Amino acid sequence: MRRKIPNLLSILRVVIAPVFFILFISGDLYQIVWASVLFAIGAVTDYLDGWLARRMKATSSWGRFVDPLADKFLTTGAFFGFVYASIIPAWMVVVIILRDFGTTFLRIIAKSDKPVRTSFSAKAKTFLQMLFIFSILILFSSQYFAQDPITISKLKSWIYSDITYYVMLGITLISVWTLWEYIKEMY
């Protein structure tokens with residue numbers, strides 16, 4: 001049973017994703033705080049599942065497949081929530097989702113003698129996505145604890161800023177680059 005813990009942590013991220021989305025789009029700051037906590041738990045499980053799998057010598061082809069897929073569910077749930085809240089443009093999320101489906105498709109069709117491994121840049125992309133999402137969630141959740149309208153206004157100006165747009169644009173471009181890397185590796 002202990003050897004299955006890494007895969008269970010990956011599945012937990014898949015379960016967290018829709019719950020996060022529902023809490024985030026509720027518009028209730030208290031529920032958004034809980035969504036942020038859930039996202040943080042999901043992000044930590046991303047690190048833990050790989051670490052535990054290596055430490056327990058419980059790596060498997062199924063785990064190598066489901067781990068990045070679970071990451072995609074978690075980040076996609078957050079990105080859809082951000083589109084719903086008009087924080088980021090939908091086209092960027094569509095590009096990232098197409099990239100994610102593309103890499104998943106490549107993993108499925110990859111020959112067993114040459115499996116598609118997660119590249120360093122793809123891992124960095126996932127880390128940057130989660131860091132970006134968590135940063136926005138901290139700003140969003142901080143509104144719940146803010147006492148005055150000026151602070152709330154400043155938090156909103158950060159959330160809906162050009163900086164947010166350009167950071168997300170950078171993440172989108174990195175996502176496209178990592179798809180190109182996967183394609184090059186396969187052919």
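Among the elements that cover the buried residues of helix H4 are helix H3 (61-84), helix H5 (120-145) and helix H7 (162-186), where buried stands for under 20% relative accessible area, exposed for over 50% and partly exposed for the range in between, with a 1.4 Å probe and protein chains only. The helices here are DSSP runs of H or I with at least four residues, numbered from the N terminus. Please keep in mind that this is a predicted model, in which local features need pLDDT of at least 70 and side-chain atom pairs count only at pLDDT 80 or more, while totals for chains, interfaces and linings use all residues. Residues are numbered from 1 along each chain as its sequence is written, and side-chain values use heavy atoms, with hydrogens and water left out.

The buried residues of H4 include Met92, Val93, Ile96, Ile97, Arg99 and Asp100.

Let me now turn to the surface. A nonpolar patch there has about 1100 Å² of accessible area together, and among its members are Leu8, Ile11, Leu12, Val37, Ile41 and Trp62; such patches take residues with over 30% relative accessible area and no salt bridge, with nonpolar side chains joined within 5 Å. Which helix gives the largest share of the nonpolar patch? That share, five residues, comes from H1, and helix H1 (5-25), helix H2 (29-55) and H5 each supply at least two residues.

Within helix H2 we find Val37, which is partly exposed at a relative accessible area of 34%. Ile41 also lies in helix H2 and is partly exposed, at 38%. Finally, Ile41 and Leu12 are 29 residues apart in sequence, and their C-alpha atoms are 9.4 Å apart in space.

Methods:
Contact means heavy atoms within 4.5 Å. Patches are made of residues with over 30% relative accessible area and no salt bridge: like charges are joined within 9 Å, nonpolar side chains (Val, Leu, Ile, Met, Phe, Trp, Tyr) within 5 Å. Accessible areas come from the Shrake-Rupley method with a 1.4 Å probe; for residues, only the protein chains shown count as cover. A salt bridge is a side-chain nitrogen of Lys or Arg within 4 Å of a carboxyl oxygen of Asp or Glu.
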